Amino acid sequence: MSERTKFELPESEIPTAWVNLGADLGPPPHPPLHPGTKEPLTPDDLAPLFPMALIEQEMSAEPEIEIPEEVREIYALWRPTPLFRARRLEKALDTPAHIYYKYEGVSPAGSHKPNTAVAQAYYNKAEGIRKLTTETGAGQWGSSLALACQMFGLECEVFMVGVSYDQKPYRRAMMETWGATVHRSPSNLTEAGRSQASHESGSLGIAISEAVELALAADDTHYSLGSVLGHVCLHQTVIGAEAIRQLELAGEYPDVVIGCVGGGANFAGIAYPFIRHKLREGKSTRFIAAEPAACPTLTRGVYAYDFGDTVGMTPLMPMYTLGHDFVPPPVHAGGLRYHGDAPSLCALVKEGVVEATAVHQTKAFEAAVQFARAEGIIPGPEPSHAIRVAIDEALAAKEAGEERVILFNLSGHGHFDMAAYDAYLRGELTDLEFSEEEMQAALARLPEAPALT
Ligand SMILES: Cc1ncc(COP(=O)(O)O)c(C=O)c1O
C-alpha cells in the first residue's frame, strides 16, 4: 500500500494541555451578565452550579491549561482518535482536494462529548459533589455525562429533549446502562418543565432550565453543560491539538477547517488550535461553521445578550441568538437544535475570523449517505452538516483545479440515528421550515440588556 489512510498517534501523545484561545482573544468586551442584576458575572455567581476549578477555567487568561493525569488516563480508553484521509470520497468526487476527517465517534459514547464530560466529572468529584444534572438533545451529551459520572462514582440525572426521547429510546437505555436516571423534557418534576408543558417536543433550552433548577435546589448537586461555555470548548481542543500533529505526519496543513455547530463545542475543539495559528502566525486557513437551516443561529440570529436557557435562569451571554424561547423545529440533528452559540465562537464570526453557513437536513443526509458509501462510517446527523460543506468545498476545489486541503470534524457516528436514515432513504425526510415570524416573536422577548457593538 503506497498511500496512507489513517494517521494515528500513540497514547503517549494524548495532549497534556488544553488550548485556551481566550488568552489570544483577550478579556471579552462583553462579559456575561448576572440574569437578575445585569452586572458582570462573578465567580461566586456561578458557584452554586459549577466547581471552582471550572469557573477559573471559564475566566482564565492562561494560554494552556494542564490536563489532569486522571483525565488523561480515561482519555486513553479512546484517545488519540484517528485522523483519516478520505481517499475514497476524494475519488468518488473526482476532486484534487485532500479531504481529512478527525473521527470522534470512537469514544465509548460515540462522539466528542466525553472529552469534556470526563473533565467536568473529575473536577466536580474533586470538589466533593455527589450528583450532576444535565440536559441532552440527541442523547449524545447525556450518554457521555452518564459514562463520565459512572467512572468517578457520581450520580447523574438527565433531562432529555422530548422529541429525541421519543426518537431514540436506545440512547436512553445507554444512559441507564451507565447508571443515569433519564426524564423526558418538558417533565412535571420541575417548575420550568411544568411551565413549558405546551411545547410537547421540548427543546434544549427547556431541558437546561429543568436541569439547572434541580441543581440549584441541592447543595451536593451541580449542573453540567455539554456545550456553549468556555470550559467546554476548552476541553474539546484536544481534538484540534491532535489533528495538528496528525496533519504534520501527513505533511499537510489545512486550507479549510469545518465543523458543525450546535452550541459550538466540537467546532471549537477542532478549530481553536488552528485559529491560534491564524491569530499568531497569520495563517490563511478558512474556518467554516455549519449549522442547520432550521435553526440558523449564526446566519440569521441577532447578536445580543440572551439567556442560555428558555426560562431565563442562566447568565446573559453575548451571542447570536434566535431568542431564548424560540423552539426550533424537530430536525433529526437534535444536537444542533439550540437557540444560541458559544460566545467565543459568536465573537469570532462577528470578527470575520469564522464563516458560517446553513445546511438543509435533506442536503446533510444526501452528503451523509455519499460519505457512508465511500468511507464506510455512518455519520451522525449533526456532523453530516459539516460533511455537506466539506463535499461542497471539495467540489469547488475541483472547479477551481486546486489541491485544497480540507479538514472536518466527524464529531460522532449515527448508529442511533438509523430511523432518520430510514426516512431519508424512503424519501420521507423533509426540510423543516424555519419560521422568521416565530424568531421575530422570540426576539421581541429578549431580556433588557446593554446593546452589543
Ligand atoms: C455528534 C454530535 N455532534 C455535534 C453536536 C453539536 O454540539 P456542539 O456544537 O456543542 O459540538 C452534538 C450535540 O449533541 C453531537 O451529538
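A: Seven strands make up an open sheet, and reading across it the order is β1-β4-β5-β15-β10-β11-β14. The pairing in this sheet is mixed. Keep in mind as you look that this is a predicted model. Strands of a sheet pair through backbone hydrogen bonds, and they can do so in either a parallel or an antiparallel sense.

For β14, look at its pairing with β11, which runs through residues 286-292. These two strands pair in the parallel sense, over five bridges. To find your place there, pick out A290, which stands opposite T357 in β14.

The loop between α4 (69-75) and β4 (83-85) holds P80, and the peptide bond from R79 to P80 is cis, with omega near -10 degrees. A cis peptide bond also joins S185 and P186, with omega about 5 degrees. You will find P186 in the loop between β8 (181-185) and α10 (191-195). One more loop deserves a stop, the one between α1 (22-25) and α2 (43-46), where K38 is found. K38 is not a glycine, yet it has a positive phi of about 65 degrees.

Now turn to the ligand, which sits in the largest cavity. Around the ligand are 17 residues, and the closest are S227, G262, G264, N266 and S411. By class, this shell has eleven polar, four nonpolar and two charged residues.

At S411, an N or O atom of the side chain is 2.7 Å from a nitrogen atom of the ligand. G264 takes part through its backbone instead: one of its backbone N or O atoms lies 2.8 Å from an oxygen atom of the ligand. From K113, a polar side-chain atom lies 3.3 Å from an oxygen atom of the ligand. On its own the ligand has 390 Å² of accessible area, and the protein covers 98% of it.

Conventions: Residues numbered from 1 in each chain as written. Predicted model: local features only at pLDDT ≥ 70, side-chain atom pairs only at ≥ 80, totals over all residues. Heavy atoms only, no water. Near = heavy atom within 4 Å. Polar contact = N/O pair within 3.5 Å; in protein donor to acceptor, adjacent residues only side chain to side chain. Areas by Shrake-Rupley, 256 points an atom, 1.4 Å probe, with all protein chains shown as cover. 1 Å grid on protein atoms, 1.4 Å probe; cavity = no way out; pocket = protein on both sides within 12 Å on 5 of 7 lines; lining within 4 Å. Sits in = over half its atoms within 2 Å of the grid points. Nonpolar A, V, L, I, M, F, W, Y, C, P; charged D, E, K, R; others polar. Pairing = 2+ DSSP bridges. Helix = DSSP H or I, 4+ residues; strand = E, 2+ residues; numbered from the N terminus.
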